[in-house]
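The sequence and model come first.

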Amino acid sequence: MSPASDASPDVIVVGGGAVGENVADYAARGGLTAMIIESELLGGECSYWACMPSKALLRTGHAIAAVRRLPGTSASFDPLAVLARRDVITHGWDDSGQVEWAEGAGITVRRGVARLVGPRTVRVDDEEITARCAVALCTGSVPVRPSVPGLDGVRIWTSRDATSAKEVPRRLGVLGGGVVGCELAQAFRRLGSAVILLHRGPRLLPALEAFAGDRVGAALRAEGVDVRSVALDGVAAAGDALELSVAGETIPVDELLVATGRRPNTADLGLDAVGLPPGEALTVDDSGLVTGVAGEWLYAAGDVTGRAPLTHQGKYDARIAGAAIAARAAGMPLDTAPWGEHAATADHAAVPQVVFTDPEVAAVGLTEAKARDAGLDVRPVDLPIAVGGSTLQADGYDGAARLVVDRSREVLVGATFVGQDVAEMIHAATVAIVGEVPMSRLWHAVPAYPTISEVWLRLLEAYRSAP
């Protein structure tokens, strides 16, 4: 399989993040030539400004905290060494390794900004390129800036600025109580910043089970983060610093991280050229085909669709779309039935997520409230995580777990775990939901002892002991 060396590859992928790479890769595996057009770094947001560097900033602090929860230990760390390790994780924001991988996979990499100008055709700089089979839009998402007096006139941090920071600010303000806000508030607090986190609503992490946000909020406060459920009334420059107006109080900070959400990055893709409104999420079917466009040639995957804006889920959608593009190009029938080869069914039922705070939050499927909103008759099963494995993991281990069970089908539809080191536990719940494994069969899945996973046994016992 050779790279697409001419101006007419079979597939053009606009956006070379993790999602775009997977579309191109799976199309190429299906025998097609593929070209990725990327305006920044190949590997995208997750590799250089989001998932990987943010977790690098968190990891050392988590490890130190875990050590301190064991008797007779002491531990410390150098914040500058954390920043240096972050630089290693991001390869110093050098994507040459990613480019080498792509070219080795038979994918052509083109630098530039691509915009649609017609069916299967994009313009890059002054050149028009027409794909033989398909164009896939994988341009991710961009931060949302809220309407706050003075915000547009001052220097702020986006998540990119925070994860690529060259030094630790003495005082950090964080606006937003979602995943990014919580993770980076804790990361910089443990790196030495004085942190104030402002959020709207009754609790942090509002998309997850209420007990998850409550526990993360309590942990942040215990570490000295000033968490307030209050609006930011205004921002003003004060020399090299900023002043936040909050409920009549003036709070000085050196940096302000604005983490109030993201929106699909579709405003400058030339969507109007194919009859679609710019700036909105792209509606796709489960094979990744964009609806509202004549012909079967325009695809989208990842954050641009708004379906499940998480890197791993976007990569899943990309694998489905890449395989569907190759199958359609070969004239093969598609398997688009639920859970079929060319259907991203998991987007509707089994989206896993981990919030890498300490405690971690690991969740998949529906919360109890969302399940009831969907019309399901569900039964929540709640327990503290208090088993042999958790006792060994840390003195005073404090965790919680919830299963959400569909009474009519006797299957799991949601699960949430909160506690130290629970991230690796969520895949078992994901498998149970995707496989629609009956609760009676899960009873025979024996957790190893002594592990934190033994909480599964306790949850199943609780489920079986009550109507």
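Contact here means heavy atoms within 4.5 Å. This is a predicted model, in which local features need pLDDT of at least 70 and side-chain atom pairs count only at pLDDT 80 or more, while totals for chains, interfaces and linings use all residues. Residues are numbered from 1 along each chain as its sequence is written, and side-chain values use heavy atoms, with hydrogens and water left out.

Leaving aside neighbours within four places in sequence, Glu-209 is in contact with Thr-367, Glu-368, Arg-402, Val-404 and Thr-416.

The table gives the burial of both residues; buried means under 20% relative accessible area, exposed over 50%, and partly exposed in between (1.4 Å probe, protein chains only).

| Residue | Relative accessible area | State |
|---|---|---|
| Glu-209 | 5% | buried |
| Gln-313 | 4% | buried |

Each side chain also has a polar contact, defined as a pair of N or O atoms within 3.5 Å; within protein, one must be able to donate a hydrogen and the other to accept it, and residues adjacent in sequence count only if both atoms are side-chain atoms. For Glu-209 the partner is the side chain of Arg-402, at 2.8 Å. For Gln-313 the partner is the side chain of Asp-347, at 3.1 Å.

Helices (H or I, at least four residues) and strands (E, at least two) are DSSP runs, numbered from the N terminus. Gln-313 lies in helix α9 (residues 311–329), and Glu-209 in the loop between β10 (194–199) and α8 (210–222).
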